[in-house]
Amino acid sequence: MCKRPEVAENGTVEQASVFATMARIIVLGLLSVALLLGMISSFIAFLPIPSFIGSENDDTSPLSAIGNTLFLVVLLCVVATTAAVLFAVAAYSGFLKPTWGWSPPAKRSRSTCRTRFNAKTATNNGPYDVIVVGSGIGGLTSAAVLSVLGYKVCVLEAHEIAGGATHEYHVGENTKYKFPSGLHYVIPHCEQVLQASCGAISPPVRFKKLGNEEGIYERIKLSRKCPTEEKEEEMGDLPIVNESQLRQELRRRFPGLIPQIVKYEKLATAVLTVFPLWSSLHALPWSVRSVLLRLVMPQIWWDYASRTAEDVLDELFADAPESQRENVLRLQAYLCGLWVDTGCAPHRVSFFMIAAVSLGFPHEGGAYPAGGPQEMPMALVQRVESAGGSVFVRAPVSQIMRDKVTGKATGVKMSEKYCGGVVIEAKHCVISACGWRNTSRLVNHGENNGTGSKAFPSLDELEVPQGEAFVMANVGIRGTPSDLKLECSNLWPQPAGDGMSIFDGVRAGAFV
């Protein structure tokens, strides 16, 4: 466990004064009186939205704008106050033992992310407070945050290297080509998120913004030709630099569909604006959350967020002139052009996810970790191990152990074949970061582990269907980027245009 701040002879805490901390808590606590005002402003902000969704006027109500701003400010104050109070109480009561100002070791061990599981080592390094099954970026981030808060964490990964979709690999022993296993870009704020997750004094990994000399970091190309060569030359690829440029470019290309573009932007913005509230409420127990979700979340969220992008876009463009039919198909393809980032086909993905990638990504921009994606799990693993925890690879878990009375997860049983069936116990909990399918198998192993109840429904019982599978081809080309005329941007070819929508094109697999 990480040490708490030492107490000096004069009775003060060396790292931070208790009195100063309590003063900050009191100041933040005064902001919590704005909670009622926040509830009122939420209705001011969002109830008028459906009334102007169908309007062609691009000017929003001043009252609605004020309400939106006030609501977001109050929401952030309330969340910050609650988090500060809970954290301070937990830290100074001894429940948590946080450590800050961490820096990665000057020299990185060659075994980082590659430490093989050994039953004796795992047993001797225990007991562990928390066990994390799976070392994807979600599992490692959870482990790092818990390490910052003073917990001793054990991460178990079945693969030969930790990192999930962020790890890198070489093809053959005599090649210099190194390929990422899945990550192709992130948003610039990941640098600060990774730093906060590690409790680091400075960013352990730097992220460089994507973009060519003109700032273009995305290009969406429609693979099907326009009816006329002139129209094709006029359209071309859709470059994306930022949100403002994208909005202007869409209006320039589709002047006959500006009312529909405005409707889309307003609806997408409305859904994205309330998402922080949706996320914040999920920190509460279900008994409380289920009530607040219906009381606080505006109706527009329930009406549009979970519907498919195809359904909502068809509704928004239903009143477009018949003469604009081809332009409607092309515009819809551009709006859904980044659907691969959602992990789901455009005819199945939710409207919220399309809104997030079509307006959210351009707002933030793209970035890539300096040194490659593997630097991210490397930093997280170093943070876990520096706090006394362990990250093991080639460590397949066969079962998540549960208490027969309470059903609470108490530890894991390792694979009998590869790890000798050793049992590792967890004082507090087990975090499964290996997907729903694997979690269901591990939790429900051995006839519900003697508890008489099923902790997880099977995949067939889920209301949400399985997402798409992707095949990624990595190609190594000899030459410099300038010689090969490559730029620092993504190119997304989409099967749409010439009478075919992107939804039908993806369904048919008509990418060529």
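Mentor: Gladly, and please keep in mind that this is a predicted model.

Trainee: Why is Cys419 called buried, and why is Cys488 called partly exposed?

Mentor: Buried means under 20% relative accessible area, and Cys419 has a value of 8%, so the residue is buried. Exposed would require over 50%; Cys488, at 38% relative accessibility, lies in between and therefore counts as partly exposed.

Trainee: How do you know that strands β1 and β2 are paired?

Mentor: Two strands pair if at least two bridges are found between them, and four bridges join β1 to β2, so the two are paired, and they run parallel. One example is Val130, whose bridge partner in β2 is Val153. The two strands also belong, together with helix α6 (residues 137-148), to a right-handed β-α-β unit.

Trainee: What other strands pair with β2, and which way do its side chains point?

Mentor: Strand β9 (residues 390-392) is joined to β2 by three bridges, again in parallel, and there the bridge partner of Cys154 is Ser390. As for direction, Val153 and Val155 point one way from β2, whereas Cys154 and Leu156 point the other way, and all are buried.

Trainee: What makes the pairing of β12 with β1 parallel or antiparallel, and what about β12 with β11?

Mentor: The direction in which the strands run decides the word: β1 (residues 128-133) and β12 (residues 423-432) run parallel and share five bridges, with Val133 opposite Ser432. By contrast, β11 (residues 409-414) and β12 run antiparallel, joined by three bridges, and Lys413 has Val423 as its bridge partner.

Trainee: Which residues and elements line the largest pocket?

Mentor: That pocket has a volume of about 2,000 Å³, and of its 45 lining residues the closest to the centre are Pro180, His184, Ala473, Asn474 and Asn490. The elements that give two or more residues to the lining are β4, β13 and α20, and β13 gives the most, with five.

Trainee: How many of the lining residues are nonpolar, polar and charged?

Mentor: By class, there are 25 nonpolar, 12 polar and eight charged residues in the lining.

Methods. Residues are numbered from 1 along each chain as its sequence is written. This is a predicted model: local features need pLDDT of at least 70, side-chain atom pairs count only at pLDDT 80 or more; totals for chains, interfaces and linings use all residues. Side-chain values use heavy atoms; hydrogens and water are left out. Buried means under 20% relative accessible area, exposed over 50%, partly exposed in between (1.4 Å probe, protein chains only). On a 1 Å grid over the protein atoms alone, a cavity is a set of points where a 1.4 Å probe fits but cannot get out, and a pocket is an open set with protein on both sides within 12 Å along at least five of seven lines; lining residues have an atom within 4 Å of a point. Grid points are joined across faces, edges and corners, and a volume is the space filled by probe spheres set on the points. Ala, Val, Leu, Ile, Met, Phe, Trp, Tyr, Cys and Pro count as nonpolar, Asp, Glu, Lys and Arg as charged, and the others, Gly among them, as polar. A crossover is right-handed if, with the strands pointing away from the viewer, the path from the first strand over the helix to the second runs clockwise.
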